[in-house]
Amino acid sequence: MPTPSHLSSKDPRYFDFRAARRVPETHAWPGLHDHPVVDGGHSAGEDAVPVVDMRDPGAAEAVARAAEQWGAFLLQGHGVPHELLARVEARIAGMFALPATEKMRAVRRPGDSCGYGSPPISSFFAKSMWSEGYTFSPANLRSDLRRLWPKQGHDYRLFCEVMEEFHGEMRALSDRLMELFLAALGLTGEQAAAVEAEHRIAETMTATMHLNWYPKCPDPKRALGLIAHTDSGFFTFVLQSLVPGLQLFRHGPDRWVTVPAEARDAFVVNVGDLFQILTNGRFHSVYHRAVVNRDSDRISLGYFLGPPADTKVAPLREAGGKPAYRAVTWPEYMAVRKKAFTTGASALKMVSASTSDDDLSDLISS
């Protein structure tokens, strides 16, 4: 886990979590305890987070149940080597342990999608989150990370090599999981191949990686590592250290379910909003957040998959039913989502099939 930076930054954008002895008002969130929190371990009954083993002949049926009822599941039997995941976690910990002045070289500037800083979603909120993050595109990994390591030395080369290896494994896993999702919709292998041939969903998926460090907190009941939200893309793999903190929201009654973290090699898979659109609501996105604790740091990595920026995402006819959503590109949906964050509305409802052309155009352009 990261150790305290021995240099501090005078940049007002930097907050030294290690030096904090209390949670300042800038990082204190109201309403964190409006709903109870329950354990999501395997013995939790109906609150046990679903587990999908890709080696199981019934994996497609398990994915269907999980995506329809939860919008998330723990993925095992995926074949990504344990040794690689351990190296990924070690490299992330080392990066966040860099001195503040070095991390601030790569600070995310307004309008940037990549770089170091608070989670990108934080720009929509007045309060700050108890976390640091680093976002980069695997396609531009080496150029993105030169901002952090301008001399491109030993640490830079090791970090890039490990992340490139991880990306190769995850991109192949993404294709396999997409096949499983299509099978979960009830498509035969031939039908799934026809969908891919027509729409090139798996072939054209783009990836983004977001690294997170959640430092231990002197008053975790007042702070939040990551605000509750849904992911915007198709689906996300989450690699988390053996410290729980990810929570999923469930209704009936409303509660937060803590995702177990004891299965080191399991990925959490979150369904995103655009996948809910693609599957015509059959599979739904999951509202989730990250909490912090007093005793331990936590590290996670989100591997986000979505369509190319110029691709219209619309309900697949193979998903069945009358289309429930309008066709939108990812940037168009993000414009609607930004509007939803500022108004408290639902972005998915704002792009429903009942929305007129003029209203959708206004939402995208406003």
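In which loop is Pro253 found? Select β9 (246-250) and β10 (255-258): Pro253 is in the loop between them. Helices (H or I, at least four residues) and strands (E, at least two) are DSSP runs, numbered from the N terminus. Zoom in on the bond between Gly252 and Pro253, which is a cis peptide bond with omega of about -5°.

The model is predicted: local features need pLDDT of at least 70 and side-chain atom pairs count only at pLDDT 80 or more, while totals for chains, interfaces and linings use all residues. Residues are numbered from 1 along each chain as its sequence is written, and side-chain values use heavy atoms, with hydrogens and water left out.

**The sheet**

Next, colour the eight strands of the open sheet in the order β2-β3-β11-β8-β13-β6-β5-β4; the pairing is mixed. Two strands pair if DSSP finds at least two bridges between them.

Phe73 has Val269 of β11 as its bridge partner.

Now move to β5, residues 132-136. Five of its five residues are buried, where buried means under 20% relative accessible area, exposed over 50% and partly exposed in between (1.4 Å probe, protein chains only). Glu132, Tyr134 and Phe136 lie on one side of β5, with Gly133 and Thr135 on the other. In a regular strand the side chains alternate between the two faces of the sheet.

β4 and β5 pair in the antiparallel sense over three bridges, and Gly115 has Thr135 of β5 as its bridge partner. β5 and β6 (residues 206-214) also run antiparallel, joined by five bridges; here Gly133 stands opposite Asn212.

**The annotated span**

Select residues 205-307, which an unreviewed UniProt entry lists as "domain: Fe2OG dioxygenase". UniProt positions are given in the numbering used here, feature names are shortened, and annotations may be inferred rather than shown by experiment. The span is 6% helix and 44% strand, and its end C-alpha atoms lie 5 Å apart.

Then pick Pro308, in the loop between β13 (298-306) and α9 (330-343). Pro308 is buried, at 18% relative accessibility. Leaving aside neighbours within four places in sequence, Pro308 is in contact (heavy atoms within 4.5 Å) with Thr204 and Thr206. The C-alpha atoms of Pro308 and Thr204 are separated by 6.6 Å, although the two are 104 residues apart along the chain.

**A helix pair**

Show α1 (residues 59-69) with α5 (154-184). Their axes are 8 Å apart, at an angle of about 80°. The two helices are therefore roughly perpendicular; that class covers 65 to 115 degrees, with under 35 roughly parallel, over 145 roughly antiparallel and the rest oblique. On α1 the contact is made by Ala59, Ala60, Val63, Ala64 and Ala67, and on α5 by Leu180, Phe181, Ala183 and Ala184.

**Two loop residues**

Finish with Gln152, in the loop between α4 (141-145) and α5. Gln152 has a positive phi of about 50° and is partly exposed, at 33% relative accessibility. Asn280, between α8 (273-278) and β12 (288-290), has a positive phi of about 55° and is buried, at 13%.

Definitions and conventions. Axes are lines fitted to C-alpha atoms, for helices over the stretch in contact, and angles run from 0 to 180 degrees between N-to-C directions.
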